[in-house]
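Please consult the sequence and the structure shown below before reading this briefing. The points after it are grouped by topic.

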Amino acid sequence: MKRCTILLILFVSVVSRVFSNQPEIFNDSTIQRTRLPHWTFFVGMAGATGMALFADENVSKFMNNNQTDFWKGFCKISDLGGEKKVIIPGLILTYGTSYLLKNEKLQITTEASIKSAIASFLVTETLKQSFGRARPYMELGAFHSRPFPILVDDYKSMPSGHTSVAFAIFTPFAENYSRWIYVIPVAVAFGRVYQNKHWVSDVIAGSGIGFLSGYFFTYGRKQIEIIPNGLKVWF
């Protein structure tokens, strides 16, 4: 338990430092758009996911050997941050509230969050079907797959849907309000691994998809240059 607690505290501390002191992106009801992550971010995420593949089984064993009632309870709560049946209705309610309150900042943020969630879901589900990766609890190893499992959830491990959706939905709010909000999807990612429902590479891939989706729809009201003098996207 102590080692798991220390790991989580260190992880959250690093995240909070990385995302601290962000600039306010709203000014006089006008969104100030900034350049999106450089193409090296994509390479970095792919590299991190690839390297994590070789640590998946060791991390899974470590988590399984350090199970406690406290962290099991914590993870059940953190799961709600990426549970579609809970978070989507909440997002719709927030969107309606933004109109009732005539809060432009909340309205724009929620719109970005909804678009991000849809885009992230489509990408994540496509990859899940393509990889057909077995979940850790199947005990088939980190490299066992059965492509196109359709509705068989046991083979839809890569990438993590809960993590992807959590980052996709909370990134616009984190960027527009407080980057401490990133603690929520980080907790979701931790919980999915701790509960033996995902490999660590699954949550890294899911967090990358969700974060990029949320970031695009937060800042993507203009041309986005993904590859210098190359691939560009408009929103």
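**Helix packing and backbone geometry**

Serine 213 is buried, with a relative accessible area of 8% (buried means under 20% relative accessible area, exposed over 50%, and partly exposed in between, with a 1.4 Å probe and protein chains only). The model is predicted: local features need pLDDT of at least 70 and side-chain atom pairs count only at pLDDT 80 or more, while totals for chains, interfaces and linings use all residues. Residues are numbered from 1 along each chain as its sequence is written, and side-chain values use heavy atoms, with hydrogens and water left out.

- Serine 213 belongs to helix H9 (residues 200–219); helices (H or I, at least four residues) are DSSP runs, numbered from the N terminus.
- Apart from residues up to four places away in sequence, serine 213 touches Ser116, Ala119 and Ser120, where contact means heavy atoms within 4.5 Å.
- Helix H6 (residues 104–131) and H9 have axes that come within 8 Å and cross at roughly 145°; axes are lines fitted to C-alpha atoms, for helices over the stretch in contact, and angles run from 0 to 180 degrees between N-to-C directions.
- The crossing of H6 past H9 is right-handed, a term that applies if the near helix is turned clockwise from the far one by less than a right angle.
- On the H6 side the contact involves Ala112, Lys115, Ser116, Ala119, Ser120, Val123, Thr124 and Leu127, and on the H9 side Ile209, Gly210, Ser213, Gly214, Phe217 and Thr218.
- This contact of H6 with H9 comprises six nonpolar, seven polar and one charged residues; Ala, Val, Leu, Ile, Met, Phe, Trp, Tyr, Cys and Pro count as nonpolar, Asp, Glu, Lys and Arg as charged, and the others, Gly among them, as polar.

**The contact of H7 with H9**

- Helix H7 (residues 161–176) packs with H9 at an angle of about 40°, and their axes are 7 Å apart.
- H7 also passes H9 in a right-handed crossing.
- Residues of H7 in the contact include Phe167, Ala168 and Thr171, and those of H9 include Gly206, Ile209, Gly210 and Phe211.
- By class, the contact of H7 with H9 contains eight nonpolar, nine polar and one charged residues.

- Helix H8 (residues 183–194) has twelve residues and spans 16 Å from its first C-alpha to its last, close to the expected 16 Å, the expected span being 1.5 Å times one less than the number of residues.
- Ten of the twelve residues of H8 are buried, so this helix is largely enclosed by the rest of the structure.
- Among the buried residues of H8 are Phe190, Arg192 and Tyr194.
- Asparagine 196 lies in the loop between H8 and H9 and has a positive phi, near 65°, in a residue other than glycine.
- With a relative accessible area of 14%, asparagine 196 is buried.

**The loop between H6 and H7**

- Glutamate 139 is found in the loop between H6 and H7, and its phi is positive, near 55°.
- Glutamate 139 counts as exposed, at 70% relative accessibility.
- Proline 159 lies in the loop between H6 and H7, and the peptide bond from methionine 158 to proline 159 is cis, with omega near -5°.

**Isoleucine 88**

- Isoleucine 88, in helix H5 (residues 84–100), counts as partly exposed at 30% relative accessibility.
- Isoleucine 88 and isoleucine 169 are 81 residues apart in sequence, and their C-alpha atoms are 9.0 Å apart in space.

Notes: Helices (H or I, at least four residues) and strands (E, at least two) are DSSP runs, numbered from the N terminus.
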